[in-house]
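Subject: Structure handover

Hello,

Please find the structure below, followed by notes on what was found in it.

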Amino acid sequence: MNGVAALAGNPNCGKTTLFNALTGSHQYVGNWPGVTVEKREAIFDVNDAQITLIDLPGAYSLTPYSIEERVTADYLAGGEAGAVINIVDAMHLERSLLLTLQLLNRRLPVIVAINMMDELAREGGKIDIAALSNALGCPVVAISARRKTGFDELFSALYEKIAHPAESPAAPAADEDEEAIYQHVSALLRAAGYEKRSGGSRDRTGALDRILTGRYTAFPILLAVLLFMFFLAFGAPGAYLTGLVGGAVDRLRALTLWLLRGQPAWVSSLLADGILAGAGSVLGFLPQILILYLLMAVIEDTGYMARAAFITDRLLRRLGLSGRSVIPMLMGLGCTTTAAAAARGVENERDRRMTVMLTPCMSCGAKLPVYALMARAFFPGHEGAVVLSLYLLGGVMLAVMGACLRRFVFREGETPFLMELPAYRLPVWRSVGRRLYERARDFVRRAGTLIVLLSAICWFLQAFTPALKLTARMDDSIMASVGHRLAPLFRPMGFGSWQAVSSLLSGLVAKEGILSAMQVLFHAPGAAALVRALPTAFSGAAGAYAFLAFILISPPCVSAISASARELKSRKLLLSMLAMETVFAALISTAAYQLLRFIL
């Protein structure tokens, strides 16, 4: 027997956590609205039934206001689901049951799963599950998605719904006005003996928020958190781990050269100086990137990431950026492509398009290896501060470009920024570990495929002349020929060497490709050798910083551009975005070099 079940619930109710727990999937789980903007599905078995489980976007109501709510409402209206598992938050039943009444009023086969029952019990609260089930006229089960408790009761109720489909009775009072609905929810909870004690985690959350989101303390604490993150990632701890990986790559390269003794010189050069040097340079910075991702995952799991969005909204909204847009932009710290897709969670079309156009200002993880190596080469002892300054510069440019778009492109009105702040919780280390593993796997896979290919291409372009003849003089190569023609454009920015310009071209495909291209172009067998070689291609530390600023602000990789095109659905807006980023990158890089060369 086969069947289809849908998961529906408010944002931040644990819906995707339950989806992962039931199906063994590893979908991204975030504690803010907009993380799920499309329905996801997976298959799992219940007794002798094979269930296709659909994870619908979070919705507060079936009257669509946001894109998430529209996706959810449209799917449920189609009647495909043999059962609708309505996830409700045990700590916020007053709000969660409003959606429950709407589902029942549409005579959908509803199973109410009260999640976070462990938290309710820990806080001294209680509820009579059987009484609530009788009052609603549908099965109600108590579960904890994080601790995987109550699943047997959920499976039994789900199997019953799928095996014996029947029309659910309509919920009384669901079509009345808003005040009457709230009164009806209150009556339901009184009948179920629902109690939620004061104190506990809510008091702790309130006390922490008075400090962490306070008027005078919010920004200093946020800055301190960022400084701590970048110190661990790019200071002594991260540098030590990077040195270990870099040493392993150097030994592998030496072993490769030894094994290739007697082979043609171009073969050993391609493998050792091209592929291994290029991909190894990127892999060498994997520890620093994982430290940063680990800290970000912990901060998100604790609930502070949502506060960071709330804190930054106060400033950015005044400068033309939608508050709701902060959320996908924070995701842009990981990958611009993912962030552009996540912008679908912004319900207003004007805000959504602005979000897509501004997301590249948030420096993605692919740029981190370049930042780290350049900071190590030109700013020894201050790597963390330099990298943090680039992220702060990205925030400033985001605000400036947002103000320009608001002034000249998007002049329509804004929508209010509404976001639920979750309670503070200890991180789920299994989830954090899983997320970290997936980041590492994706990074290594990317280095092992795309970066290897780019390294081989760069080697070919610097090893052959335009007439396709092998040459030992890089100045005669195809890469040098292209770089020399473009270099004059970048001299006012302090990095007018053909090697620096050629590496930028590699970044169009993938930003990590900039570092792998440098490794090949400078014939540097390892990170230490590249650090020593880099000063010859830049006009001092000022030129190096201007180079990093250009990488930060210039258009993203091809994948991110493609994702932006899909979301913008306008060639004019896409070209405007690329032109704006290119112009600002040139202006800021030039200004940075001309100013810093008198200071550094």
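This is a predicted model: local features need pLDDT of at least 70, side-chain atom pairs count only at pLDDT 80 or more; totals for chains, interfaces and linings use all residues.

**Salt bridges and other findings**

With a relative accessibility of 45%, Lys-126 counts as partly exposed.

In total, the structure holds 3 salt bridges. Another one joins Arg-147 and Asp-118, with 3.0 Å between the closest N and O atoms. Here the two residues are 29 apart, Arg-147 in the loop between strand 6 and helix 6 and Asp-118 in helix 4 (residues 117-122). Arg-147 is exposed, with a relative accessible area of 56%, while Asp-118 counts as partly exposed at 22%.

The side chains of Asp-55 and Lys-15 also meet in a salt bridge (3.0 Å, N to O). Asp-55 belongs to strand 3 and Lys-15 to helix 1 (residues 15-23), so this pair ties together parts that are 40 residues apart in sequence. Are these two residues buried or exposed? Asp-55 is buried, at 0% relative accessible area, and Lys-15 counts as buried at 6%.

**The chain and its sheet**

The chain has 600 residues, and buried residues make up 58% of them. There are 26 helices and 6 strands. Of the contacts between residues at least 6 apart in sequence, 74% join residues at least 24 apart. The accessible surface comes to about 25500 Å², and carbon and sulfur atoms account for 61% of it.

The 6 strands form an open sheet with mixed pairing, in the order 2-3-1-4-5-6. Strand 2 (40-46) and strand 6 (140-142) stand at the edges; each has a single partner strand, so one side of each is left without a neighbour in the sheet. On average, neighbouring strands of the sheet are turned by 25° against each other, direction ignored.

Strand 4 (residues 83-89) pairs with strand 5 (residues 110-115) in the parallel sense, over 6 bridges. Val-88 has Ile-114 in strand 5 as its bridge partner. Helix 3 (residues 93-105) packs on the sheet and touches strand 1 (2-9), strand 4 and strand 5, its direction making about 165° with that of strand 4. Helix 6 (residues 151-163) lies across strand 1, strand 2, strand 3 (49-55), strand 4, strand 5 and strand 6, and runs at about 170° to strand 5.

**Two places further along the chain**

Leu-259 is in helix 10 (residues 236-259) and counts as exposed, at 56% relative accessibility. Together with Leu-252, Leu-255 and Trp-258, Leu-259 forms a nonpolar patch on the surface, with about 420 Å² of accessible area for the group.

Ser-503 lies in helix 21 (residues 498-506). How does Ser-503 count, buried or exposed? Ser-503 counts as buried, because a relative accessibility of 0% falls under the 20% limit. Which residues does Ser-503 contact, neighbours within four places in sequence aside? Those in contact with Ser-503 are Ile-514, Ala-517, Met-518, Leu-521 and Phe-547.

Regards

Methods:
Residues are numbered from 1 along each chain as its sequence is written. Side-chain values use heavy atoms; hydrogens and water are left out. Patches are made of residues with over 30% relative accessible area and no salt bridge: like charges are joined within 9 Å, nonpolar side chains (Val, Leu, Ile, Met, Phe, Trp, Tyr) within 5 Å. Accessible areas come from the Shrake-Rupley method with a 1.4 Å probe; for residues, only the protein chains shown count as cover. A salt bridge is a side-chain nitrogen of Lys or Arg within 4 Å of a carboxyl oxygen of Asp or Glu. Helices (H or I, at least four residues) and strands (E, at least two) are DSSP runs, numbered from the N terminus. Buried means under 20% relative accessible area, exposed over 50%, partly exposed in between (1.4 Å probe, protein chains only). Contact means heavy atoms within 4.5 Å. Two strands pair if DSSP finds at least two bridges between them. Axes are lines fitted to C-alpha atoms, for helices over the stretch in contact, and angles run from 0 to 180 degrees between N-to-C directions.
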